[in-house]
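Please open the structure in a viewer and keep the selection panel at hand.

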Amino acid sequence: MNQGFYKHMAAASLFKRCVVSPIQYRSCNSTASSRQSIKVQVEDYDQKWEKIRTAKPFSEFLTDKFNRKHNYLRISLTERCNLRCQYCMPEEGVQLTPKKNILTYEEIIKLATIFVKEGVTKIRLTGGEPLVHPKIINIIGSLNELKNYGLEDIGITTNGITLKRHLPSLKAAGLTHINVSLDSLIPAKFEFFTRRKGHSKVLESIDTALNIGYKPVKVNCVVMKNQNDDEILDFVEWTKDKHVDVRFIEYMPFDGNKWNDKKMIKYSDMLNKIKKSYPDVQRQDDELSSTSKTFKIPGYKGSFGFISSMTENFCSGCNRLRITADGNLKVCLFGNSEVDLKDLLRNGGTEDEILQIIGAAVGRKHARHAGMFNIQKMKNRPMILIGGYCHSKSNNDEYYTQYNKIFQSTSDNYEDHYNNIFNQSKFSHTDEEGRAQMVNVGEKSVTNRTALASGKIRLSSEAFRLVVENKHKKGDVLTVAKIAGIQGTKQTSNLIPLCHNINLDGVDINFDLDRENNEIVVRVSIECHAKTGVEMEALVGVSTSLLTIYDMIKAVDKTAIIFDVKLDKKFGGKSGLFINK
Ligand SMILES: Nc1nc2c(ncn2[C@@H]2O[C@H](COP(=O)(O)OP(=O)(O)OP(=O)(O)O)[C@@H](O)[C@H]2O)c(=O)[nH]1
Ligand SMILES: C[S@@+](CC[C@H](N)C(=O)[O-])C[C@H]1O[C@@H](n2cnc3c(N)ncnc32)[C@H](O)[C@@H]1O
Ligand code: SF4
Ligand code: SF4
C-alpha cells in the first residue's frame with residue numbers, strides 16, 4: 001500500500017474522530033478553557049499525525065537494501081539549455097536526444113504519479129534548463145494535483161535567466177521551492193562561466209522570487225579553483241540582507257567537463273577560509289538526506305552551506321532517484337546504470353511491471369558513489385544530459401546488462417518466451433520431409449511490433465579517427481552506413497529465404513562511439529504493424545550497416561572485426577516483451 005494512500009486514510013480517520021468524538025465536540029465550544037482544549041487537541045492531532053506518518057511501511061519498491069527510503073524524485077524535463085556552463089557541458093556541446101525519444105508531458109505525469117503513489121513526497125524539476133520546456137506550467141499544475149496523493153514539495157532548479165517572468169504562473173501552478181544557479185557576483189565572470197550574457201536577469205529573478213515569498217531561495221555556486229574561489233567571502237556577505245541560502249558546490253567530474261582534483265576546492269578549505277573572516281559562524285541543523293551542510297553568520301538573514309559530494313559524501317542518507325529527459329531511471333547521480341522506463345511505458349508496460357523494474361533498480365543501488373577519483377574515470381553522462389541517450393559504450397552496455405538482469409528477475413514474459421522456444425518439438429521452418437517452408441501467419445493478428453538489434457565493429461585507431469572526424473577520403477562513413485542499414489532492413493525478405501515481406505513503419509539507426517576501444521556500436525530499431533516480428537529486419541540492418549563501414553575503411557584498415565551482432569529487444573505479438581540476456 002502506498003504512502004500517500006496511508007496518509008489520506010490517516011487524515012480521514014482523524015478527521016472523522018474530530019467530528020464524532022464527544023471530547024472534540026466539547027472542545028468546539030468557544031470558552032477560554034475550551035480554546036485551551038482545542039490547542040491540546042491540535043497538538044495531539046499533530047503528534048498522532050506524525051506517529052501515523054512515520055509508522056506506516058514505506059514502499060518496498062522505493063526502499064533499497066540499506067533501508068534508504070527514496071521519497072525524493074528529480075525529473076529532468078529537457079536536455080536543452082539557454083546557457084553553456086563550462087563545468088556542465090563539454091566544450092563541443094552535446095548531441096541532443098531526438099525529440100521523439102524525450103518523455104512527453106503525459107509520460108512525465110504518468111511516471112510521477114506512479115512514484116507519488118508509492119510514497120514520493122518531493123519532486124524537483126531540473127534539466128537542462130527546465131524553464132525552456134514549453135509545458136512547464138502545465139507540468140507543475142498537474143504535479144500539484146498529486147498533492148492529493150501525498151506529494152508535498154514541488155521544486156525547480158533553474159539558471160534563473162527566464163525565471164522572473166515565469167514566477168507568477170509558477171507560483172499559481174503550485175511551485176513550492178526554487179534553487180537558482182549563480183557562480184559569480186561579477187557579470188563578466190558569469191559570462192565567461194556560462195558562455196552567455198544574463199547576469200542581471202538572474203539577480204532580478206532571485207530578488208523577485210524572494211519578494212513573492214520563496215524563502216529561502218537556494219543559490220547554487222560551483223566553486224572552481226582560481227576562477228571564483230576569490231568570491232566565497234563576497235557570497236557569504238551577500239547573505240547579510242538577503243534571505244538566500246548559498247550552497248558552495250564542490251566541482252564534480254562528468255563526461256566532457258575536463259575535471260581534475262586540482263580544479264576543485266574542498267569543502268573543508270572553503271569553510272576554513274570563511275572561519276578566518278567570520279569566526280562566529282554557526283553550523284545549522286540539516287536533515288539526514290540533505291545535500292548541504294548549512295552554516296549561518298549570526299544576525300544575517302540568509303545562510304550558506306557546502307555540497308561536499310566529492311570529499312565528504314552524503315550517500316548514507318540518500319533519498320533520491322532521478323528520471324532523465326529520455327526516460328531512464330538513474331538510481332544514483334554518479335552511477336552509470338540506467339533502466340529505460342520510457343520504452344516500457346510506450347510498449348504498454350503496466351503500472352505493476354514498471355514498479356517491478358523500478359524496485360529491482362533501487363534494490364541494486366550501491367551504498368555510496370565510487371569516490372571522486374573513480375568517478376572521474378567512470379563513464380557517465382555529461383551533467384546536462386543527466387537530466388539523453390547514453391553516448392558511451394560502457395553506458396550502453398551497462399544499461400542493457402542491468403535492464404536485462406532486472407527484467408529476467410521480475411517478469412514471466414522472458415521465461416514464457418524461453419519455454420515457447422525450447423518446448424517446441426517440431427521445427428516450424430521445415431516441412432514434414434525436412435524441406436524449408438515459409439510459416440503461414442495468416443491466422444496471426446496484426447499487432448504493433450518493435451525490434452532493437454545491435455552489433456559492433458572494432459577498428460584500428462587511425463581508421464576510427466578518420467571515421468569519427470569524418471576525414472576519410474571515401475566520404476562520410478557513418479552517413480553511408482546509416483543509409484545502407486536502412487536499405488538492408490527493407491531488403492530482408494529478399495535476402496533471407498524464409499522471411500516474410502513486412503511493411504515497416506519506421507527504422508531508426510544510431511551509432512555510439514566507444515573512443516576507448518575504437519569501436520562503433522550500431523543500433524537499429526524498427527517499428528511495424530504486422531503479423532510477424534521484425535527482428536530479422538533489425539539484424540539485417542545492423543549487419544548491412546557494419547559491412548558498409550567495413551567496406552569503406554578496408555583500404556586503411558584490414559584488421560577490422562565485426563562482432564556481437566544480436567537482437568537486444570523485441571516487443572509485440574504473443575510473446576510480448578523479450579529482452580536478450
Ligand atoms: N552526490 C549528489 N549530489 C547531488 C545530488 N543531487 C544534487 N546534488 C548536488 O546538489 C547540487 C544542487 O542541486 P539542486 O538541484 O539544487 O538540488 P538539491 O541540492 O538536492 O536541492 P534540495 O532539494 O533543495 O535539497 C548539484 O549541483 C549537485 O552538486 C545527488 O543525488 N547526489
Ligand atoms: C545541471 S543543472 C540543471 C538545472 C539548471 N539548468 C541550473 O543550472 O540550475 C543542476 C545543477 O547542477 C550543477 N552542476 C552542473 N555541473 C556541475 C559540476 N560539474 N559540478 C557541480 N555541480 C554541477 C549546476 O550548477 C546546477 O546547480
Ligand atoms: S548548469 Fe544548468 S544552466 Fe548551466 S549549462 Fe548546465 S543545464 Fe545549462
Ligand atoms: S552519489 Fe548517489 S548515493 Fe550518493 S547521494 Fe548522490 S545519488 Fe545518492
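A residue is counted as near a molecule or strand if one of its heavy atoms lies within 4 Å of it. By this criterion, 19 residues surround ligand 2, and the closest are Tyr87, Gly128, Ser181, Asn220 and Met252. This is a predicted model, in which local features need pLDDT of at least 70 and side-chain atom pairs count only at pLDDT 80 or more, while totals for chains, interfaces and linings use all residues. Residues are numbered from 1 along each chain as its sequence is written, chains are lettered from A and ligands numbered from 1 in the order in which they are written, and side-chain values use heavy atoms, with hydrogens and water left out.

**Ligand 2**

Keep ligand 2 selected and display its polar contacts (pairs of N or O atoms within 3.5 Å; within protein, one must be able to donate a hydrogen and the other to accept it, and residues adjacent in sequence count only if both atoms are side-chain atoms). A polar side-chain atom of serine 181 is found 2.6 Å from an oxygen atom of the ligand 2 molecule. Glutamate 129 places a side-chain N or O atom 3.1 Å from a nitrogen atom of ligand 2. At threonine 158, a polar backbone atom is 3.2 Å from an oxygen atom of ligand 2. Taken alone, ligand 2 exposes 540 Å², of which the protein buries 94%; accessible areas come from the Shrake-Rupley method with a 1.4 Å probe, and for residues only the protein chains shown count as cover.

Next, colour by secondary structure, where helices (H or I, at least four residues) and strands (E, at least two) are DSSP runs numbered from the N terminus. Strands E3 (153-158), E5 (217-223) and E6 (244-250) are the elements that give two or more residues to the shell around ligand 2.

**Ligand 3**

Which residues are closest to ligand 3? Of the 7 residues that surround ligand 3, these are Cys81, Cys85, Cys88, Gly128 and Asn159. Select cysteine 85, which is buried (under 20% relative accessible area; exposed is over 50%, partly exposed in between; 1.4 Å probe, protein chains only) at a relative accessible area of 15%. Cysteine 88 also counts as buried, at 16% relative accessibility. The structure holds 0 disulfides, a disulfide being a pair of cysteine sulfur atoms within 2.5 Å.

**Helix H12 and the whole protein**

Move to helix H12 (residues 351-363), whose buried residues include Ile354, Leu355 and Val362. Finally, select the whole protein, which contains 19 helices and 17 strands. Buried residues make up 51% of its 581 residues.
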